[in-house]
Amino acid sequence: GLSAPDGALVVDAAGGIVMPGMIDTHRHMWQTAMRGYGADWTLTQYFVWYYLENGRHFRPEDIHAGNTLAAWEALESGVTTTVDWSHGLQSVEHGEAAVDALAAVPGRFVLAYGNIQAGPWEWATDPALRDFIERRRGDLHGWQLAFDVTGDPAFPERAAFEAARELGLPVTTHAGVWGATNDDGIRLMHDNGFMDESTVYVHATTLSTDSYQRIAATGGSVSVSTESEQSAGQGYPPTWQLRKHGIPVSLSMDTSVW
């Protein structure tokens with residue numbers, strides 16, 4: 001029943017609902033090139049088959065294909081802003097392909113640059129990555145660095161956190177994922193001063209009360225992927241715990257492989 005000004009495009013939405021576009025804070029868009037391939041995989045099978053067997057063979061054109069399909073898939077579902085948790089970028093050329101694909105689709109996209117095939121202290125400190133981000137920074141809605149913290153007492157990820165700060169980028173990290181990341185990573189991040197309000201913790205399903213308190217105290221937020229967490233085995237979605245501690249919660253789809 002709204003009145004539109006002269007010359008406006010009028011869409012008949014009778015019987016429908018008008019709502020803002022949804023925001024997905026964690027989607028491995030490059031993996032959509034193999035959409036549905038691992039629908040019945042456990043988390044362990046996913047790690048083996050996608051990263052060790054298939055993902056390492058992806059060429060830049062495969063990244064482009066996955067991102068293009070994923071971007072349109074998101075828009076078709078009413079998701080108009082998506083964080084591309086892009087940990088398949090084995091080279092700057094892969095990164096160029098990811099940005100080219102996202103920039104060609106009419107949505108808002110944030111590239112969370114990552115490379116699961118190498119340590120973040122290696123790729124995040126590469127001058128070629130810095131040049132790439134500075135050159136392409138204006139082509140997308142935003143940028144992040146995407147990497148996980150293993151819990152190694154030596155804290156080798158420090159170099160990647162420092163690189164993120166030098167570039168002025170937030171960090172997004174899988175935290176509290178059964179069999180992969182745990183409270184040790186949160187403690188190391190906190191003790192070394194790398195937890196703040198811009199940090200996004202993905203899943204956070206297997207963390208202790210101490211870790212939730214550290215996230216809450218430093219203003220971080222958590223991206224919950226309820227479907228994949230329950231079907232693949234990251235752990236039970238922790239939304240009730242997060243709400244209890246006053247931690248902001250966002251939603252994400254994770255991956256189309258499942």
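Me: Before the details, what counts as a pocket or a cavity here?
Reply: On a 1 Å grid over the protein atoms alone, a pocket is an open set of points with protein on both sides within 12 Å along at least five of seven lines, a cavity is a set of points where a 1.4 Å probe fits but cannot get out, and lining residues have an atom within 4 Å of a point. This is a predicted model, in which local features need pLDDT of at least 70, side-chain atom pairs count only at pLDDT 80 or more, and totals for chains, interfaces and linings use all residues. Residues are numbered from 1 along each chain as its sequence is written, and side-chain values use heavy atoms, with hydrogens and water left out.

Me: OK, which residues lie nearest the centre of the largest pocket?
Reply: They are Tyr51, His87, Ile116, Asp148 and His174, out of 28 residues that line the largest pocket.

Me: And which element gives the largest share of that lining?
Reply: That is α1, with 5 residues, where helices are DSSP runs of H or I with at least four residues and strands are runs of E with at least two, numbered from the N terminus.

Me: Switching topic, how many cavities of 30 Å³ or more are there?
Reply: The search of the whole structure finds 1, and the residues lining the largest cavity include Val149, His174 and Met189.

Me: Which elements each supply at least two residues of that cavity lining?
Reply: Those are β5 (171-175) and α7 (183-191).

Key:
Grid points are joined across faces, edges and corners, and a volume is the space filled by probe spheres set on the points.
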